[in-house]
Amino acid sequence: MTVDMSQFYEVFFDEAEELLAEAEHLLLGIDVESPDVEQLNAIFRAAHSIKGGAATFGFMDMTEITHVLENLLDKIRKNEMALTTEHVDAFLAAKDVIKMQVDGHRHGSDVNAEQVSDVAMMLKSLSEGKAAVAAEPVVVAASAEAAPAATPAATAAAEVAKTALTITAEEKAKGMTLYDVGLPTVTEKDLANLKDELALLGDVEVYQRSENVHAVLIKTDSSADDIVSICSFIVDADALVIQVAGDAASEPAATPAEAATAAALVEAAPAAEAGYGFFDNDPIIKTETKADDGRVQVAEEMGYGLFASNGEEQQEEGYGFFAPFKPHPDAPKAQMIGDDNAAAAMAKAKAEAVATPAEAAPKEERRQQGRRETDKPAAAQSAESTSIRVGIEKVDQLINLVGELVITQAMIEQRVNALDPVDNEALINSVSQLTRNTRDLQESVMSIRMMPMDFVFSRFPRMVRDLAGKLGKKVEFVTSGATTELDKSLIERIVDPLTHLVRNSVDHGIEKPEVRREMGKPESGTLTLSAAHKGGSIVIEVTDDGGGLNRDRILAKAASNGLPVNESMTDNEVFSLIFAPGFSTAEVVTDVSGRGVGMDVVKRNITSMGGHIEIRSALGYGTTISISLPLTLAILDGMSVSLGKSVYVVPLNLIVETLQPRAEDLKTVTGEGLMVHVRGEYLPIIALHALFNHPTQITTPTDGVLLILEADGKKSALFVDRLVGQQQVVIKSLETNFKRIPGVSGATIMGDGSVALILDVPAIIQMGQTTNYVTGGMAFSNQNYLTSQNTINA
Amino acid sequence: MSTSTEMSNSLSGNAGNGLKTAAGEYLTFVLGSEQYGIEILKVQEIRGYDAVTQIANMPSFIKGVINLRGKIVPIVDLRIKFNLGKVEYNEFTVVIILNLNGRIVGIVVDGVSDVRELREEHLREVPSLVTRIDTKYIVGLATIEQEMLILVDIDKLMTSDEMQLMEAAVH
């Protein structure tokens, strides 16, 4: 019976990465002075889960490091040790190492063994450093019971040997161990379940120690940890007492071989008087047997029932079972060979546990919750994650289908609206119901792809911290609007540009502490990362209170780079120059330096996502770089406008206002270059019919409508026939079956099933500047458009 | 259908070799007074001509785009491109929707006639000619009931720069 574990690897890797990210997030957020116990617990749980998974899959390198990490965390968690920044650094380093190991296993990338052992050493020394002193005040509940067991131990061993499972020397040589597992009070049903579960590990024998107190003898080649993890689904793992019964049992048993053959399922004699502790014999839990006599007495009298009443200490200490984890050397081998039934069964049991994380996780959660409720009812449980993993292509397919449905629904609606409302009242009502349902459905489906910006933001605190440390700067990192949601594909694509901007801000924006002091600013600079919804788009801003951009220097640099610049350019235009590829050389003027490094790439990325980028800066006060992105790539809030017999869609977020111009507001230069005078500004008029060579009756701006558009910091007035209406449209690519068309960013399907083109506003503004309206505007051509764009960008 | 794999080889275009592999089933259609044939496997469907959304600054034979069950598909009028037949759009105007390696394109023709199975012996090579349609896009000629059938390598033709249906190749 072999189980292919590799099919579950991906699940483990995904989970490990999530857990690591979560742990890092918590670590960065932790207050070293007075750490929140809940946070420490959460970090501990993350480490523990990774360890468990790694052990299951036989990634022993990961198990080792998570093990030491867990030990140290455990001590801090139990207040045996005070948390210091040193610890946090060590934990972060450990997180990096584990991530490296995960990548190593997952992608076969290199794992720096030296770094791994360095971190392991660091954790170990930190953990040992103060452990001896700190361990004293905490009484170990589990081991407390162990001490008095010295005398009854022999008796118990004899009982066990006589009546229950025994273990032979040969079996021991094969790595089998006989464990005696003391259980807390459990129901009959749980006991039966437990027995079934444990049977997967090896031979199991349940016997009664006293009324309501049961124990299990189990002969297995799995480690004590495996037993604990199996049991933990049914009973509180902290209340288990696991001992190695084999050593004691085999000696008094006169004929071990006979006993073994007869062992099968003989009714076990109650071994209540045996007490619960064999801890002296136990190689696994040896570290915890130092106990204070007074407390032991109490614990002993109270028996197993005391777990709840003894409260937190015990509960917390319970994790001690996990701590001295000893990976079973044979486990991975046995799984591979598959000749050992027990090992294979265990592998299967674990595989099942991993294969159904959705099922297992809540169970685990419930277990913890239940326990916490008895211990610390007030403790807030960290948000339970109940999620399923679905392939992105399935989601996309769903979104496409819903898109189709919306179009079809709109078509039906349109047809129905043409009917007589009196005769067809019922039909019309049903259709309007359908309309609402479809909208809701569309919204829900679209939200599947939405992810909070936190997904991106959470990686920056660490980067800023490291970078500031390296540069000798003090930076306070603030985020806001981390819950703002954005399409997953955009989230993934925004990471790189944003990383670049944040790094630039720390590197070049925020000054060194001494400089800041001289300027009368607080030594510590503030870097703010914010996200917010604004109209139909999301605006992400990177703000620093650093030196700001120096307009004169940018102009000088641009001039020396041969860019077309002049003194009268607006600040916005000047700052946009840093996006020019020419600025991305390393030795640009110091206080603007780096602002240009790769900024052209940033801009290109943002533009390709359908967004735009803007800079606001004041010399000496700081810089804000503002990125505005559409919420999703698939849906656009649009204004449909008519031109002749066609309908075009203009992205709503780029429309500043719409107006019908008065004749006296229309101005020309040399009888050409028509402009409109709006609120003190002269804006060029771009006639869409001329630009697109589209026949229409309306050729005078006063007869039509002007849409004031703004993109890339430039405003223009687009002249069209009429406004048709505002609506959300599903963006369809023209390039799938056709090609890119200048001035058109895509197409959409309107309510009547016809195709409408979506205007590419930035391109149209550019095109408008190369097109002569009065002379018919056909100077425009594809070639022309490209060159004009180049000169402007260059 | 056994010939389908060889048929795709006819893309190699060399008329000499192409003849052997060009055998197979062809959809024949009419442009003006001439009969043309294209590989049946390139054809996705045949539909009537309805509202097309015009696209700015395109050559006249690119009629625009239509909504084909949610997909945006460009429509080319081969009659305009090759200056054949009377260009009018009525209920008899036919659009052949082609699927060329996943790219969907519609072509407007005067009418669809038949599906013909052509064997090697039907096929003739194209002589060197100067025509509106470059002979490199013609796989061969065939004679069926005294009529000449012009077999077009529609894949090669539609993806050529000449048709302007694709992004100009970047060199």
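This is a predicted model: local features need pLDDT of at least 70, side-chain atom pairs count only at pLDDT 80 or more; totals for chains, interfaces and linings use all residues.
Start by selecting helix 20 (residues 392–417) and helix 21 (residues 425–448) of chain A: their axes come within 10 Å and cross at roughly 160 degrees. Angles over 145 degrees count as roughly antiparallel, so that is the label for helix 20 of chain A against helix 21 of chain A.

From helix 20 of chain A, pick A:V395, A:L398, A:I399, A:V402, A:L405, A:V406, A:Q409, A:I412, A:E413 and A:V416. Facing them from helix 21 of chain A are A:L427, A:I428, A:V431, A:L434, A:T435, A:T438, A:L441, A:Q442, A:V445, A:M446 and A:I448. Color that contact by class and you'll get 16 nonpolar residues, four polar and one charged.

Stay on helix 20 of chain A for a moment. How far apart are its end C-alpha atoms? They sit 37 Å apart, which agrees with the 38 Å that its 26 residues should span at 1.5 Å a residue.

Next, highlight A:V402, A:G403, A:V406, A:I407 and A:Q409, the buried residues of helix 20 of chain A. What do they pack against? Bring up helix 21, strand 20 (722–730) and strand 21 (744–749) of chain A, and you have the partners of those buried residues.

Move along to helix 24 (residues 488–509) and helix 28 (residues 599–608) of chain A. Here the axes come within 10 Å and cross at roughly 150 degrees, which makes helix 24 of chain A roughly antiparallel to helix 28 of chain A. The crossing of these two helices is left-handed. Select A:R493, A:D496, A:P497, A:H500 and A:L501 on helix 24 of chain A, then A:V602, A:N605 and A:I606 on helix 28 of chain A, to see what makes the contact. By class, this contact has four nonpolar, two polar and two charged residues.

Last stop: the place where the two chains touch. Chain B puts 20 residues into the contact and chain A puts in 22. On the chain B side, select strand 4 (62–68), strand 5 (71–77) and strand 7 (103–109), the elements that give two or more residues each. Which of them gives the most? Strand 5 of chain B does, with four residues. Color the chain B side by class to finish, and it divides into twelve nonpolar, five polar and three charged residues.

Conventions. Residues are numbered from 1 along each chain as its sequence is written. Chains are lettered from A and ligands numbered from 1 in the order in which they are written. Axes are lines fitted to C-alpha atoms, for helices over the stretch in contact, and angles run from 0 to 180 degrees between N-to-C directions. Angles under 35 degrees count as roughly parallel, over 145 as roughly antiparallel, 65 to 115 as roughly perpendicular and the rest as oblique. A crossing is left-handed if the near helix is turned anticlockwise from the far one by less than a right angle, and right-handed if clockwise. Two residues are in contact if their C-beta atoms, placed from the backbone, lie within 7 Å. Ala, Val, Leu, Ile, Met, Phe, Trp, Tyr, Cys and Pro count as nonpolar, Asp, Glu, Lys and Arg as charged, and the others, Gly among them, as polar. The expected span of a helix is 1.5 Å times one less than its number of residues. A residue is buried if 20 or more other C-beta atoms lie within 10 Å of its own, exposed if 12 or fewer, and partly exposed in between; C-beta atoms are placed from the backbone.
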